Every structure is written in C-alpha cells, then in structure tokens.
Amino acid sequence: MPSVSDIHHRVPQSFCPLCGHKLDAASGMDTDDRPSPGDAGVCIQCATPLIYQDDLTMRAMTQAEINNLDPGCRRELEIAMLVVRSLDRRKKRKK
Ligand SMILES: [Zn+2]
C-alpha cells in the first residue's frame with residue numbers, strides 16, 4: 001500500500017471546492033517532490049480529486065480530466081482517495 005509522505009510542502013492557500021477545507025500544504029504519495037501545475041491531488045479532508053493550477057492553488061478536477069488521466073495516474077489518484085478516506089475513518093473512530 002502506498003503511503004503519504006511525511007514531507008509537507010507549503011503551497012498558496014486555497015479552499016476545497018466541496019468541503020471548504022483550507023488547503024495550504026501538500027504531501028506526495030510515495031514521493032517527497034513538490035507539486036507542479038497540472039498535478040493531481042485529493043482534498044485531505046473529503047478526498048475530492050483536485051488539480052494544481054499554475055499558481056499551485058487547487059481546484060476541483062472535472063470528470064473529463066479524471067477520464068483523461070493515464071491509467072497509472074488514475075490508479076494513483078484512486079489509491080490517494082482510498083488512503084484519505086481511511087484516514088478519515090480513523091479520525092472518526094478516535095472521537
Ligand atoms: Zn474537501
């Protein structure tokens with residue numbers, strides 16, 4: 001199972017278009033690289049697929065963009081969504 005990097009990169013602040021969570025840090029999946037414009041990501045709160053824009057703020061990925069991802073990227077995105085959802089469940093259980 002891939003893991004989320006412990007390295008947090010600061011990115012310009014934006015907000016998840018779905019849940020409104022503040023997005024100002026990024027962690028790679030099995031990479032410590034900084035995100036680049038056009039990279040896919042997911043909201044750490046609600047697992048919505050997001051895409052980095054030219055200024056590294058994030059917006060929701062369209063269904064067409066998801067469909068056009070190459071299979072490897074799409075698989076990684078799906079895994080990232082599963083990882084975030086499992087984090088979310090763990091958080092809820094602790095309460
Ligand atoms: Zn969200």
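1. Helices (H or I, at least four residues) and strands (E, at least two) are DSSP runs, numbered from the N terminus. This is a predicted model, in which local features need pLDDT of at least 70, side-chain atom pairs count only at pLDDT 80 or more, and totals for chains, interfaces and linings use all residues. Residues are numbered from 1 along each chain as its sequence is written.

2. The protein chain has two helices and five strands. Their order along the sequence is β-β-β-β-β-α-α.

3. Of contacts (C-beta atoms, placed from the backbone, within 7 Å) between residues at least 6 apart in sequence, 45% join residues at least 24 apart.

4. A residue is buried if 20 or more other C-beta atoms, placed from the backbone, lie within 10 Å of its own, exposed if 12 or fewer, and partly exposed in between. Buried residues are 16% of the 95 in the chain.

5. Ala 47 sits in the loop between strand E3 (40-42) and strand E4 (49-52). Ala 47 is not a glycine, yet its phi is positive, near 70°. Ala 47 counts as buried because it has 21 C-beta neighbours inside 10 Å.

6. Leu 56, in the loop between E4 and strand E5 (58-60), is also a non-glycine residue with a positive phi, about 70°. Its 17 C-beta neighbours inside 10 Å make Leu 56 partly exposed.

Note on methods:
Two residues are in contact if their C-beta atoms, placed from the backbone, lie within 7 Å.
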